[in-house]
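Open the model in your viewer and keep the sequence beside it. The tour below goes stop by stop, saying what to select and what is there.

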Amino acid sequence: SSPAADESFRCYSHGSHETDEEFDAFRVTYFNKPDIDAWELCKGVNTLVGYDLVPEQLYDFASAVGILEAVKDKAGPYREICPYVIQELRPTLNELGISTPEELGLDKV
């Protein structure tokens, strides 16, 4: 096979092609902006959720809880996904003092 066939690309409806590395580099730069505001953070996270991705670095408690809520929403009928994600994130959640939406009672609101 040709080298181009081996390289993975993200294709979008507007016709542009972006390698995984280019996609990642753009998002890392976007989320590492020193002056990123809450609206930009939310917009960026929503875009990543649309791709079933989550940024590695979060900037505040509310954003972290919001992302956990988005994971639950994206899991839909696959109820086993959320407990697994929380299990894998538990050490980090504990270290950072982040509660799950359920622990905060948000699932009952």
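A patch, as the word is used here, is made of residues with over 30% relative accessible area and no salt bridge, and nonpolar side chains are joined into one within 5 Å. The model on screen is a predicted one.

**Stop 1: a surface patch**

Select Phe 61, Leu 104 and Leu 106. Together these three make a nonpolar surface patch of about 250 Å². Phe 61 belongs to helix 4, which covers residues 61-75.

**Stop 2: the nonpolar core**

Next, select Phe 23, Tyr 30, Phe 31, Ile 36, Leu 41, Val 45, Leu 48, Val 49, Ile 67 and Ala 70. These 10 residues are the largest nonpolar core. Two or more residues of this core come from each of helix 2 (20-31), helix 3 (38-50) and helix 4. Which helix gives the largest share? Helix 3 does, with four residues. In soluble globular proteins, nonpolar side chains tend to be buried together.

Leu 41 has a relative accessibility of 4%; buried means under 20%, so Leu 41 is buried. Leu 41 and Tyr 30 are 11 residues apart along the chain, and 8.8 Å separates their C-alpha atoms.

**Stop 3: rings and the charges over them**

A pair of aromatic rings is described by the distance of the centres and the angle of the planes. The structure holds one aromatic pair, and Tyr 30 and Phe 31 form it in an edge-to-face arrangement, with 5.2 Å centre to centre and 80° between the planes. Both Tyr 30 and Phe 31 are buried.

What sits over the ring of Tyr 30? It is the charged end of Lys 33, at 4.7 Å from the ring centre. For another such placement, select Phe 23 and Arg 27: Arg 27 lies over the face of Phe 23, 4.1 Å from the ring centre.

**Stop 4: the salt bridges**

How many salt bridges does a search of the whole structure find? There are three.

The relative accessible area of Lys 33 is 26%, so Lys 33 is partly exposed.

Then select Glu 102 and Lys 72. The closest N and O atoms of this salt bridge are 3.0 Å apart. Distant parts of the chain are linked here: Glu 102 is in the segment after helix 5 (81-96), while Lys 72 is in helix 4, 30 residues apart. Glu 102 is partly exposed at 34% relative accessibility, and Lys 72 is partly exposed with a relative accessible area of 40%.

Finish with Glu 103 and Arg 90, a salt bridge whose closest N and O atoms are 2.9 Å apart. Glu 103 lies in the segment after helix 5 and Arg 90 in helix 5 itself, so this pair ties together parts that are 13 residues apart in sequence. Glu 103 counts as partly exposed, at 46% relative accessibility. Arg 90 is partly exposed too, with a relative accessible area of 24%.

Definitions and conventions:
Residues numbered from 1 in each chain as written. Predicted model: local features only at pLDDT ≥ 70, side-chain atom pairs only at ≥ 80, totals over all residues. Heavy atoms only, no water. Patch = residues over 30% accessible without salt bridge, like charges linked within 9 Å, V, L, I, M, F, W, Y side chains within 5 Å. Areas by Shrake-Rupley, 256 points an atom, 1.4 Å probe, with all protein chains shown as cover. Salt bridge = Lys/Arg side-chain N within 4 Å of Asp/Glu carboxyl O. Phe/Tyr/Trp six-rings, centres within 6.5 Å; stacked < 30°, edge-to-face > 60°. Buried < 20%, exposed > 50% of the residue type's maximum accessible area, 1.4 Å probe, protein only. Lys NZ or Arg CZ within 6 Å of the ring centre and 35° of its normal. Core = buried A, V, L, I, M, F, W, Y, C linked by side-chain atoms within 4.5 Å.
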